Amino acid sequence: MKNGVSNIKLTSYDDLFGTNDAEQQGKSVIEVDVSELHEFPDHPFRFEMDAEMQELMESVKKYGVLEPILVRKRTQGGYEIISGHKRTSACKAIGQNVIPAVVTDCGDDEATILMVDSNIYRRNILPSQKAKAYKMKYEALKHQGVQNGLHTLEQMGEAFGESGKTVQRYIWLSRLSDDLLELLDRKKMGIVQGIALSFLNQEEQDWILDIIVDEKVQISTKAAELCKECAQSGTLTQEKAKEFLLDSQKKKSDALSINRNRLKSYFPSSYSNEDIEKVIFQLLEEWQQRTGGGEVGQGRSI
């Protein structure tokens with residue numbers, strides 16, 4: 001517990017306010033100089049200077065900050081932002097020196113839970129942000145113990161509208177290195193592959209990243225699972241990892257796919273993919289026989 005404050009157990013932002021109207025809940029709003037504000041430690045949520053941020057800045061210019069930010073006092077002086085990093089950044093960007101804030105008296109675990117809950121429903125949240133946020137709240141809830149007879153993972157899933165298993169998978173993803181998480185955010189790697197790689201230690205994850213970058217390959221689900229199996233048995237080497245990734249890439253490049261929509265005018269709708277494939281190969285064999293057994297494309301034009 002930080003600053004020797006109360007031992008209340010909080011599970012959400014609403015547990016503090018119940019509504020967004022702080023004054024109705026007996027919470028006084030004060031004006032805080034933005035220079036006194038500090039980011040929450042390891043805050044996982046980031047935002048870009050995009051159109052949404054520009055809109056927020058224009059709104060603050062015109063109307064001010066309509067909803068107070070939530071902060072707590074720091075032993076080193078100033079305040080730590082629990083909710084309102086984006087509003088604070090908007091004020092800094094337009095040169096507004098003060099911001100309305102509610103000061104709450106809570107410990108580290110309560111502050112972490114409030115920080116996650118007040119940010120997790122933001123639009124366009126990245127997988128890496130969600131993974132780190134879930135991990136932070138999970139650890140905070142574990143410190144508080146099981147509540148309402150529910151397991152911590154199930155409790156989180158219930159709050160976020162997801163299953164406990166989904167929450168667990170995101171927590172596993174938080175074990176990935178920042179570089180692999182960036183590949184996940186950029187859709188250069190899938191969630192399933194990321195979960196498998198989360199079972200590798202940091203050195204093994206570095207091998208995977210080096211192979212992906214140096215060989216310019218994408219990791220398949222099969223390759224990721226093979227790496228996981230070997231890592232768990234203690235037999236994964238950099239050479240093996242490279243073999244798995246390159247072999248998977250070779251098989252992928254050797255594969256040929258044809259859009260079914262391009263074929264639908266040639267086959268009855270009742271034909272399955274297997275039926276279509278069978279007819280295509282029969283026609284290719286007939287064509288090969290007519291052209292004297294040579295490779296397709298070396299004989300007469302179709």
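Author: Let's start with a term: a crossing of two helices is left-handed if the near helix is turned anticlockwise from the far one by less than a right angle, and right-handed if it is turned clockwise. This is a predicted model, in which local features need pLDDT of at least 70, side-chain atom pairs count only at pLDDT 80 or more, and totals for chains, interfaces and linings use all residues. Residues are numbered from 1 along each chain as its sequence is written, and side-chain values use heavy atoms, with hydrogens and water left out.

Reader: Which crossing does H4 make with H5, left-handed or right-handed?

Author: The crossing of H4 past H5 is left-handed. Helices here are DSSP runs of H or I with at least four residues, strands are E runs of at least two, and both are numbered from the N terminus. The two helices pack at about 145 degrees, and their axes lie 9 Å apart. Axes are lines fitted to C-alpha atoms, for helices over the stretch in contact, with angles from 0 to 180 degrees between N-to-C directions.

Reader: What makes up the contact of H4 with H5?

Author: Contact means heavy atoms within 4.5 Å. On the H4 side the residues include Asp109, Ile113 and Val116, and among those they meet in H5 are Ala133, Met136 and Leu141. Sorted by class, the contact has seven nonpolar, three polar and four charged residues. Nonpolar covers Ala, Val, Leu, Ile, Met, Phe, Trp, Tyr, Cys and Pro; charged covers Asp, Glu, Lys and Arg; the others, Gly among them, are polar.

Reader: Turning to the sheet, in what order do the five strands stand?

Author: The order is S1-S5-S3-S4-S2, in an open sheet with mixed pairing. Two strands pair if DSSP finds at least two bridges between them.

Reader: Why are S1 and S2 called edge strands?

Author: Strand S1 (29-33) and strand S2 (37-38) each pair on one side only. S2 runs parallel to S4, joined by two bridges, and histidine 38 has glutamate 80 in S4 as its bridge partner. Two bridges meet the requirement of at least two, so S2 and S4 count as paired.

Reader: How do you know how far S3 and S4 are enclosed?

Author: By counting buried residues: buried means under 20% relative accessible area, exposed means over 50%, and partly exposed lies in between (1.4 Å probe, protein chains only). In S3, four of the five residues are buried, so S3 is largely enclosed by the rest of the structure. In S4, five of the five are buried, so that strand is largely enclosed too. Helix H3 (residues 85-94) lies across S2, S3, S4 and S5, at about 120 degrees to S4. H4 packs on the sheet as well, touching S3 and S4, and its direction makes about 45 degrees with that of S4.

Reader: Which residues of H6 are buried, and what covers them?

Author: In H6 (residues 152-160) they are Thr152, Leu153, Gln155, Met156, Gly157 and Phe160. The cover includes H4, H5 and helix H7 (164-173).

Reader: Where does pLDDT stay under 50?

Author: It stays under 50 over residues 1-26 and over residues 296-302. pLDDT is the predictor's confidence in each residue, from 0 to 100. Where it is low, the predicted coordinates should not be read in detail. The protein averages a pLDDT of 83, and 83% of the residues score at least 70.
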